[in-house]
There are 2 protein chains.
Amino acid sequence: MRQSIQTRLTLIIALITSLIFPAFAIAADPLPSWNDGGNKSAILKFVTAVTSQTSPDFVEPAERIATFDNDGTLWVEAPMYTQLMFAFDRVKAMAPNHPEWKDDPVLEAVLKDDMKAVAASGKKGILEIAMKTHAGMTTDEFAGIVSDWIAKAEHPTLKRKYTELTYQPMKELILYLQANGFKTYIVSGGGVEFMRPWAEAAYNIPPEQIIGSSIVTEFKMKDGKPVLVRQPKIFFIDDKEGKAIGIQKFIGRRPIASFGNADADIPMLQWTLAGEGRRLGMLVHHTDAQREFAYDRKSIVGKLDQGIDNAKSGGWSLIDMKADWARVFSK
Amino acid sequence: MRQSIQTRLTLIIALITSLIFPAFAIAADPLPSWNDGGNKSAILKFVTAVTSQTSPDFVEPAERIATFDNDGTLWVEAPMYTQLMFAFDRVKAMAPNHPEWKDDPVLEAVLKDDMKAVAASGKKGILEIAMKTHAGMTTDEFAGIVSDWIAKAEHPTLKRKYTELTYQPMKELILYLQANGFKTYIVSGGGVEFMRPWAEAAYNIPPEQIIGSSIVTEFKMKDGKPVLVRQPKIFFIDDKEGKAIGIQKFIGRRPIASFGNADADIPMLQWTLAGEGRRLGMLVHHTDAQREFAYDRKSIVGKLDQGIDNAKSGGWSLIDMKADWARVFSK
């Protein structure tokens, strides 16, 4: 009887505590937007194993590095990468000051919304669109342009802001890892200066923990003040093998957990999983045509083919969006 | 009388506390190896101003970024950059497996300790020496080579390990800034993978907060495991204007305090000081021929010329090693 009262008291205190301190409520189930089809408990077990002092798999906090791809892993990437939508919008916004663009078949295709012609222009065309819209201004100016755009732009079919089309289960995972002493990084093929202006508010990942592709910048004095001017020249492509290379260049520690969604993330997973001790690697499989999109082996964006076939031999798991996620978007 | 006893009691408690908890003693004077010729109090005032919630100069912890050059700012760089001494030692260690090096005038000069001929070979010669000794192995292998070397190598005239020739006043400054919520970064012209293996133990700065020059790496599979193989090709030179560029690329936030010792650090200082709000920039002036070395305008290493002439107009201060530092080396 005495025990029963104690138990009841404990429960009441826990309830009151969870109401006053929402963090305690999260501690009860740190991943409420995940169903448990195996992946959820695999994550929980992994984190417990590497953070328990008495565990044979214990990892010092300094070495608890987790890396996340962005497009298709943390936010929507279909039907077209968000940064490309940004570039198309920029072509249209900048066109009035560039009458000469009408003579350029690729830019003219963008202006006419002729996506077939844009696609047909291939990598060369996309690179041209990227350089025309991403270079020629200072880093501060570009950050302002991105911030203005992301505050208003809407997804073409889901009709919501892109920052609302971030994945709630992955955001919970980031916070859960952070609460357990992990340093969480984005390692994306997307432009680092395209992500930094909004990623901290969206994911709680600060600018200095965002790794991405980038173009060359030049240091110049302008009105007596130094500026960094963005040049139409690739500096680093943080994609495929570049993700492992970027992790070593920018972090200098091997992650113990990595999360992606495409074949382009495999080298990051391989680099992570090849380290000694307990590791975790997962790929989000877009299986949910109803709530988001369903695509994999033949997709233009986030192609996932080898990532499915080699999951077992490679040692990573597939997150089944439809089955594993009770909720998809953060808003 | 009662007050006097209280005062005495307080002093005794402070004394006991400082003996039991050395951190409290540091809190009393966080920079004990600094004499106060103005720079010490400037540092203390700056940190108080940006960390006091009620101060008009208050800066959020997330924005408290401080950057430090390494060679000549955090450790000895005279008579020759430590990494170059490493490269010379590596040429000698590797030579038995490279009989063909005897036909190479630059490498042969290193093998014969003919420093005049090495110097005469200029940047091209130095680059060749660097590439022969820094490329061709995996990143893990290179880290091991650096660790082995730094554990044993001694400075040619000071006859002590290089990690003992780190500057105690600057180490105190790093710890003091960290204790006040700063994220401290190294931003060096030296190789990032040459610094990472030992810098955390030496300065309490983790690998992911070290920015430096680097060479291209290639992702390869070796015995079924991924490796990153160092290539004899420059990826990024984190020197002069490259320091401001590197800060933006790797951190993505503008520092509020920067410390260097050479003209090559001026762009980093300019970039730091051009930001809004209160800022701090300082250059270590090597004025102490007795305890360390005295050099500035005409030095081959750490040339400091514009840094002296433009200190006032640029808004940075000169740290006079001889006058400002009560102690130079950490051991």
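**Reading a sheet and a chain contact**

Mentor: In chain A, seven strands form an open sheet with mixed pairing, in the order β4-β3-β2-β1-β5-β6-β7. Keep in mind that this is a predicted model.

Trainee: Which strands stand at the edges, and why is one side of each left without a neighbour?

Mentor: β4 (225-236) and β7 (317-320) of chain A are the edge strands. Each has a single partner strand, so one side has no neighbour in the sheet. From one strand to the next, the twist averages 35°.

Trainee: In which sense do β2 and β3 of chain A pair, and over how many bridges?

Mentor: Strand β2 (residues 183-191) and strand β3 (residues 210-222) of chain A pair in the parallel sense. Three bridges link them. For a position to look at, take A:Gly191: it stands opposite A:Ser213 in β3(A).

Trainee: Which helix packs on the sheet, and which strands does it touch?

Mentor: Helix α11 (residues 241-250) of chain A does. It touches β1 (65-68), β2, β3 and β4 of chain A. Its direction makes about 130° with that of β2(A).

Trainee: Now the chain contact. How is the size of an interface often given?

Mentor: Often as the accessible area lost when the parts come together. Here, count residues: the contact takes 27 from chain A and 26 from chain B.

Trainee: Which elements of chain A supply the side that touches chain B?

Mentor: α10 (192-203), β3, β4, α11 and α12 (266-273) of chain A each supply at least two residues. α11(A) gives the most, with six residues.

Trainee: How do the residues on that side of chain A divide?

Mentor: Into 15 nonpolar, six polar and six charged.

Definitions and conventions: Residues numbered from 1 in each chain as written. Chains lettered and ligands numbered in written order. Predicted model: local features only at pLDDT ≥ 70, side-chain atom pairs only at ≥ 80, totals over all residues. Pairing = 2+ DSSP bridges. Helix = DSSP H or I, 4+ residues; strand = E, 2+ residues; numbered from the N terminus. Axes fitted to C-alpha atoms, helices over the stretch in contact; angles between N-to-C directions. Contact = placed C-beta atoms within 7 Å. Nonpolar A, V, L, I, M, F, W, Y, C, P; charged D, E, K, R; others polar.
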